[in-house]
Amino acid sequence: MSHDIRMQIAGNKRRDRCFAAAGLVAMAFAVLILLFLLMTLGVEGGRRLSWEFLTSYPSRVPSRAGILPGCIGTVLVMLVTAWTSVPLGVAAAVYLEEYAPKNWLTAAIEINIANLAGVPSIVYGLMALGLFVYQLHLGHSILTAGLTLALLCLPVVIIATREAIRTVPLSIREASYALGATKWQTVRDHVLPYSTGGILTGVIIALSRAIGETAPLITVGALSFIAFLPTSPVTAEPPFLSLRWLLDPFTVLPMQMFNWVSRPQEAFHLNAAGAGLVLMSVTLAMNGLAFYIRYRTRRRIQW
Amino acid sequence: MTTASVPPAKAEIRNLSFSFGRTEVLKSVSMPIADRRVTALIGPSGCGKTTFLRCLNRMQDLHPDVRYTGEIILHPEQINIIDPAIDPIEVRMRVGMVFQKPNPFPKSIFENVVYGLRIRGIRDRATLDERAVQALQEAALWEEVKDRLREPATSLSGGQQQRLCIARALATKPEMILFDEPTSALDPVATAKIEELMTSLKNEVTIVIVTHNMQQAARVSDYTAFMFLGTLVEFDRTDTIFTNPSSSLTEEYVTGRFG
């Protein structure tokens, strides 16, 4: 009798070990690929990485080419994207979560927002070309690119914000309402402050995905070889701030990479790897920041 | 149903019925709420006592599809607070509430106490300070927190958090405070403190408390209403309800034979 039980247990444990081994292989596979990617990028791109590379304009000579316009372009486009997608996305999410009545219409909107998050980015590019370039005449500009990527980020920001808002317990909202607060006072003083961590995390993840987008920007006409910078946002004369840069042509880091990769010379491929390394570092840094914010708010806010 | 009359009433409920959608949860409840006394609502789970309590400050209006009929007359102006023309926010500004589970905001102790004042537009620092100290003293919490007003409210113990919630409700000087099973999440020592507090507060403010604990109702309240299946079975002085109830149902409940 006890022998049978032991045999049974031994068999069960063998299957247990089999699965653990299979899982380990699957995980190692994923990690190794990621490591390999980082290594090649690091080894190849690392050779090109230097202060000159970061501060030079593109050139026909690979060793003199740099990514300055790409870096500046990426930063400016992302500014436009963040400035438009965050207020719109957060306001939409707050409306859906706190104000909108729960009925079939809001349920349908909710499903469609989730669908929008899955629409291929090139489709956004086409829509943006029709809307921003042809209808609104914004040109092949930083503004157009920023707004295009904002469209791309919007569903992600809305979904992340709704998730974050939902983590604020009903009891906290009730405490506020019971004191005579309006919906807006409750949202402004409680719901938004307590979910800022979650919202920021979602925003950063949305932006870190948008920063690597190439397809929709090709569609709206980003340049791939550019030897000048946009107008400076800071000027010497009053009012010291200028918005002229919004309508300037531009390039972004992934566009620059794409341009270099499509050239036959091996040396340009190295440049692409260098730009890729910079882009990847920025993305990793953004994800790290998101992680840190989440960690901090979790410690700071307890119910 | 018997209804004892009370000396000056703070509120009078007349034929109050209340429904969520098509479900009628309260059926024609009529009773007075005595001014500056403690009124307890008792009854088995699901009898509608919490629903009734939340009608008194229109918290039910936060749910979609609710319907009130009848009247809740608030004295001294004799306004019907469930009249659709009355803004629920106006009612909540006059009638405070303390919940089952302590629910302080994840802000500092001070900010918790003065939040009700802030949404009433009070910005003057001296007024805020003065009212905060006063409310914390009334809630018997001042001595424990006077040196740590800037610390997060969540660093307090459960019982302290509940007294903080009481201070938060008191700071706006409400005319009536509703307690929804305020001690069910607390240990006996913290419970005793809250009960003591209610007894000391009743000279200033009208109190309505929902409780599952019959000893608590007997200890803290002056009047008791026994509810069952959405109806008011009996309302009377607390000692009468517990020693000489007129309904056999009330007697069975208070002697622990059901519920």
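How many helices and how many strands does the secondary structure of chain A come to? I looked this up in a predicted model, in which local features need pLDDT of at least 70, side-chain atom pairs count only at pLDDT 80 or more, and totals for chains, interfaces and linings use all residues. Residues are numbered from 1 along each chain as its sequence is written, while chains are lettered from A and ligands numbered from 1 in the order in which they are written.

**Chain A.** I found 11 helices and zero strands in chain A, where helices (H or I, at least four residues) and strands (E, at least two) are DSSP runs, numbered from the N terminus. I noted that chain A has a radius of gyration, taken over C-alpha atoms, of 25 Å, whereas a compact globule of 303 residues would have one near 19 Å, by the rule of 2.2 Å times the number of residues to the power 0.38.

**Contact of chains A and B.** I read that 18 residues from chain A and 19 residues from chain B take part, two residues being in contact if their C-beta atoms, placed from the backbone, lie within 7 Å. On the side of chain A that touches chain B, α7 (170-178) and α8 (183-210) of chain A each give two or more residues, and α7(A) gives the most, with six residues.

**A strand pair in chain B.** I then followed strand β10 (residues 223-228) of chain B, which pairs with strand β11 of chain B in the antiparallel sense over six bridges; strands pair if DSSP finds at least two bridges between them. Within this pairing, B:Ala225 has B:Phe235 in β11(B) as its bridge partner.
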